[in-house]
Amino acid sequence: MDMCRKIFITLRYWISALRNLIFPRKCIVCDALLDEDEQFLCGDCRFDIPLTYFWFWSDNPAKLRVSRFFPVTDVVALFFYRHESGYADILHKIKYEGNIRLGHEMGRLLGKEMAESGNFSDIQAIVPVPLHFARRFRRGYNQAEIIAGGVARELGIPVLTDLLIRKHRTKTQVKLSPNERFANVAQAFCVNQKALARYRQKGISHIIIFDDVLTTGATIAAAAAPLTASFEITAVSLAAVE
């Protein structure tokens, strides 16, 4: 049995090596060729991720930004988003190029940091900011839901995809001013009352509202607005714009 296992592992290695020779895997950030044991990021770029360390920093700048809108418990992001940085490509490839595996892996990195900090053990569920059904249908997935799944796996909590409903299709936030962003998403979300009653009956009282990127905090605030009366809320995103 041990010999068969060794043969299988060796064969799988050489098949993977041959595939990488024909279709070389490159680092998303710097385009360097990846080693066999590397995924998505080379060792140097993984080491140099501009981490926020917000999981250790309670009154961080992102929390101060979001707390203007609603009483948030904590705000966490994995890394700082800078438009000129190669790390911005991580979000682009997840959101627009359908790299689902990358989204899940980056979510796991964030979830691992949060879990190891020991500061989020009372969180009981994660709620990804939903897309309007038309946008989700066109894209085929919700990037926030994909990344949130990786976070949830490391924290050992469920992903609640039926609690929030996006009732209005809003314009993209990319080129809007802070005031325009807030007006654009105000009243965009509502609560599924049946799901709310079910989760409250289960004793869920502290949740994460998750979005892929935190800019002004307007989207997370709008998503959290109908839930603040029922839950303690921590806001989490993969990246935070400085």
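A salt bridge is a side-chain nitrogen of Lys or Arg within 4 Å of a carboxyl oxygen of Asp or Glu. I wrote that down before looking at any pair.

**Entry 1: what I am looking at**

The model is predicted, so I kept to these limits: local features need pLDDT of at least 70, side-chain atom pairs count only at pLDDT 80 or more, and totals for chains, interfaces and linings use all residues. Residues are numbered from 1 along each chain as its sequence is written, and side-chain values use heavy atoms, with hydrogens and water left out.

I looked up the confidence next; pLDDT is the predictor's confidence in each residue, from 0 to 100. The protein has a mean pLDDT of 87, and 83% of its residues reach 70 or more. Which element has the lowest mean pLDDT? It is helix α1 (residues 2-22), with 54, while β2 has the highest, 98.

I then listed the elements, which are DSSP runs numbered from the N terminus: helices (H or I) of at least four residues and strands (E) of at least two. The protein has 10 helices and 6 strands.

**Entry 2: salt bridges**

I searched the whole structure and found 7 salt bridges. For each residue I also looked up burial: buried means under 20% relative accessible area, exposed over 50%, and partly exposed in between (1.4 Å probe, protein chains only).

One of the bridges joins the side chains of Lys-63 and Asp-59, at 3.8 Å from N to O. Are the two partners buried or exposed? Lys-63 is buried at 14% relative accessible area, whereas Asp-59 is exposed at 53%.

Arg-136 is paired with Glu-145, and their closest N and O atoms are 2.8 Å apart. Arg-136 is partly exposed at 33% relative accessibility, and Glu-145 is partly exposed at 24%.

Asp-162 is bridged to Arg-198, with the closest N and O atoms 2.6 Å apart. Asp-162 sits in the loop between α7 and β3 (164-166) and Arg-198 in helix α9 (residues 193-201), so this pair ties together parts that are 36 residues apart in sequence. I noted 27% relative accessibility for Asp-162, which counts as partly exposed, and 35% for Arg-198, also partly exposed.

**Entry 3: the sheet**

I looked up strand pairing; two strands pair if DSSP finds at least two bridges between them. Four strands form an open sheet in the order β1-β6-β5-β2, with parallel pairing.

Strand β5 (residues 206-214) is joined to strand β6 (residues 232-241) by 8 bridges. Leu-214 stands opposite Ala-240 in β6.

For the helices I needed angles, which run from 0 to 180 degrees between N-to-C directions of axes fitted to C-alpha atoms, for helices over the stretch in contact. Helix α4 (residues 88-95) lies across β1, β5 and β6, at about 110° to β6. Helix α7 (residues 143-155) lies across β2, β5 and β6, at about 130° to β5.

**Entry 4: the cores**

A nonpolar core is a set of buried Ala, Val, Leu, Ile, Met, Phe, Trp, Tyr and Cys residues joined through side-chain atoms within 4.5 Å. The largest one has 39 residues, and those touching the most other members include Phe-79, Ile-90, Leu-110 and Phe-210. At least two residues each come from β1, α4, α5 (100-117), α7, β5 and β6. Which element gives the largest share? It is α7, with 6 residues.

I followed Leu-110 through its contacts (heavy atoms within 4.5 Å). Leaving aside neighbours within four places in sequence, its contacts include Trp-55, Val-151, Phe-210 and Leu-238. Another core, of 34 residues, lies apart from the largest one, and Val-66, Ala-125, Ala-188 and Ile-220 are among its members.

I also noted that 47% of the 242 residues count as buried.

**Entry 5: Pro-50**

Pro-50 is in the loop between α2 (43-47) and α3 (61-66). Its relative accessible area is 12%, so Pro-50 is buried. Beyond four places in sequence, Pro-50 is in contact with Leu-78, Phe-79, Phe-80, Arg-82 and Tyr-87.
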